[in-house]
Amino acid sequence: ERVDSEAGPRYSELHALRRRLRDLKEELKEARAALERTENEPEELSAVVELVIEAERAGAAELRLVHLVPCALWRPAYRATLAADERSVTLETDAVVWQRTGEDWDGVRLTLSTARPALAADPPALVDDVLMLRDKSAEERRTVEVDLREEDISTVGAESTLTGGLHSPELPGLDDGGEVRMMSAPAPVSVASDGRPHRIHLTSFTTECTTERTCSPELSPLVYTVAVLPNESGHVLLSGPVDLIRGSGFIGRGELRFAGIGEQMRLPFGSEDDYRVVRHVEESRQTAGLTAINNRTVIKRTVRLYLSRLEAPDDAGAESVIVRERIPVSEVSAVEVRLRKNDCKPQPDELDADGIVRYDLRLSPGERHVVELVYEITASGSVKGL
């Protein structure tokens, strides 16, 4: 008991000494770094340009010298403001510029380009790609291997040759559609050589838009307000983050994809708090047909959506809500996907080639809708993987 009673304070002292030792190590590390900075001179890169001018006669001449420096970077950024009546959007285009070239830029005319002059111009090395062929076994000939995979549905502008998109909330890499783009600041700017981001205004425009309440219950149980507007900036809009602003102020940050001149864009402006969406999925599986003869597996899925609108002021009328669900799309003849429209309540308003099912619903304050989506996946007996 005496040892245990004395061990408690000693453990506390040991903990305090270890913490003090850690602090001393940090102080020693900082002192050594400061000493190294005082004893070593920073590296400086200096360049000398020699010019030889040949002229037939003497006289004054204007000479312009262009050189390339490292440690300069820029990325596009945007700010979108939705009007109070939700009929127009103001989109401002900015450039976030970093530079640590060693000299401050004071009152310079800034031109921004998507060209990559420092990118290596050598073609990639060619390597052998060996393909091996073998005969399928009897079991492999009798079966068809299938797999479910997710595919992103993307659209691009008429001037773009790329597909896909970026999904990071941070500043992405430049997506210029495969063509070098040039943008200029409307007025002289100053950018210090401190390596910090400096936001510079480039262009802005206000255009009419259409808004819709939309939701995708499989991805999120929220109903969002989405504005559809054309690109009337007079130039292409590169991929970049966009700050979203409504009547209540800043509501979040989204992503603006590459958009050509005049192309339609979709910008989400936050969720609506007076809507609730609940999603349930039921699945049943059965085998039809004779054994080993016309044998097939039928998977039936029922998706139920409960969409409700909470109580609102008496003067609020019915609003339209667009609900999007999806069904699988088969790429092999051994698997068939069929939407059972007669069992759907209500029947979908649209079904596109990508399997996106669309419902246009109207909800009044305090009203609730129940949507049932029913589809079947039929696979032959030789299919494996479902």
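## Surface and burial

The accessible surface of the chain comes to about 27200 Å², and carbon and sulfur atoms hold 50% of that surface. Accessible areas come from the Shrake-Rupley method with a 1.4 Å probe; for residues, only the protein chains shown count as cover. The model is predicted: local features need pLDDT of at least 70, side-chain atom pairs count only at pLDDT 80 or more, and totals for chains, interfaces and linings use all residues. Residues are numbered from 1 along each chain as its sequence is written, and side-chain values use heavy atoms, with hydrogens and water left out.

Of the 386 residues in the chain, 29% are buried (under 20% relative accessible area; exposed is over 50%, partly exposed in between; 1.4 Å probe, protein chains only).

## Cysteines

C71 counts as exposed because its relative accessibility is 52%. C209, at a relative accessible area of 11%, is buried. The count of disulfides (pairs of cysteine sulfur atoms within 2.5 Å) is zero.

## Elements and contacts

The chain has two helices and 21 strands. These are DSSP runs numbered from the N terminus: helices are H or I with at least four residues, strands E with at least two.

Among contacts (heavy atoms within 4.5 Å) between residues at least 6 apart in sequence, 70% join residues at least 24 apart.
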